[in-house]
Amino acid sequence: MASRTPSPTADRAARTSAPGRAAAGERPRRRLSVDERREQLIAVALELFSRRPPEEVSIDDIAAAAGASRPLVYHYFPGKQALYEESLRRAGQELSARFEEPMEGPLSERLYRVMGRYLDFVQSHGPGFAALLRGGSVAASADTSAVIDDVRRAAQEQILAHLTVPSPSPGLRLTVRAWIANAEITSLEWLGERSVPLEELQLHLVQEFVAALTLTAAREPALAVELASFLADEHPQGPTGRLVRDLAGLFAVPGILDAVTALGTGSPDEPTP
């Protein structure tokens, strides 16, 4: 008995319906390596934690966003806290890197660029970092606090490096650390209110640093010498130049210049009333 030859139509149907065959026009998915899958989970988790407070993100949310199963997520991380801490470490590394700036040009303009990158980061990672920095997150722990402290220390060392002071005094270190803390508080408050344009906040924070540095220099003669060179490099249209003009305008307000002059010429040995 002669064998039957399949028709071309039947042959195509058999090929497309065979188990494991990719649909026409589709490329088979490449299986991720162990390291690639772990990095993917961290990236997905960080994105979710950036848009929502950590307590509102579940393992199921992370698995769904990564296109993975819940057991697969647990295969790589023992729980949400471990994944949160790892994603926070990655974010901390990124934030620390944003304080890096070439040591070229006026100091206040360098800091202006740094604060632009910092505020962009705060804005894009708002809810998760706001909850953590305000201490209101149930995901906060000793490890997450250590990550934030590492970022603060890295930021402090970057700022001190731009000051090019050979041996920063304890007073100068305190000034820089206090300014970093103030930048955190101010930017997080801005996240909740958005009461001023982002560029205005950026300028305000830089000018606050210049003012704090000037006050510290008034108490430390060695720093005052360095401050003179910083001011000589500044541009009239830069943050420091604008601050000086604002202060000059303030002295034009009736009574302020007279009051300041009286305070400056009085003897510090006079008894306080």
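1. Buried means under 20% relative accessible area, exposed over 50% and partly exposed in between, with a 1.4 Å probe and protein chains only. By that rule, Phe99 and Tyr118 are both buried.

2. This is a predicted model, in which local features need pLDDT of at least 70 and side-chain atom pairs count only at pLDDT 80 or more, while totals for chains, interfaces and linings use all residues. Residues are numbered from 1 along each chain as its sequence is written, and side-chain values use heavy atoms, leaving out hydrogens and water.

3. There are three aromatic pairs in the structure. Rings of Phe, Tyr and Trp (its six-membered ring) pair if their centres lie within 6.5 Å; planes under 30 degrees apart count as stacked, over 60 as edge-to-face and the rest as tilted.

4. One of the pairs is that of Phe99 and Tyr118, which is tilted, at 5.7 Å centre to centre and 55° between the planes. Phe99 lies in the loop between helix H5 (80-97) and helix H6 (107-124) and Tyr118 in helix H6, so the pair ties together parts that are 19 residues apart in sequence. Helices (H or I, at least four residues) are DSSP runs, numbered from the N terminus.

5. Trp179 and Phe209 form an edge-to-face pair, with 5.0 Å centre to centre and 65° between the planes. Trp179 belongs to helix H9 (residues 170-193) and Phe209 to helix H10 (residues 198-219), so this pair ties together parts that are 30 residues apart in sequence. Both Trp179 and Phe209 are buried.

How values were computed. Helix = DSSP H or I, 4+ residues; strand = E, 2+ residues; numbered from the N terminus.
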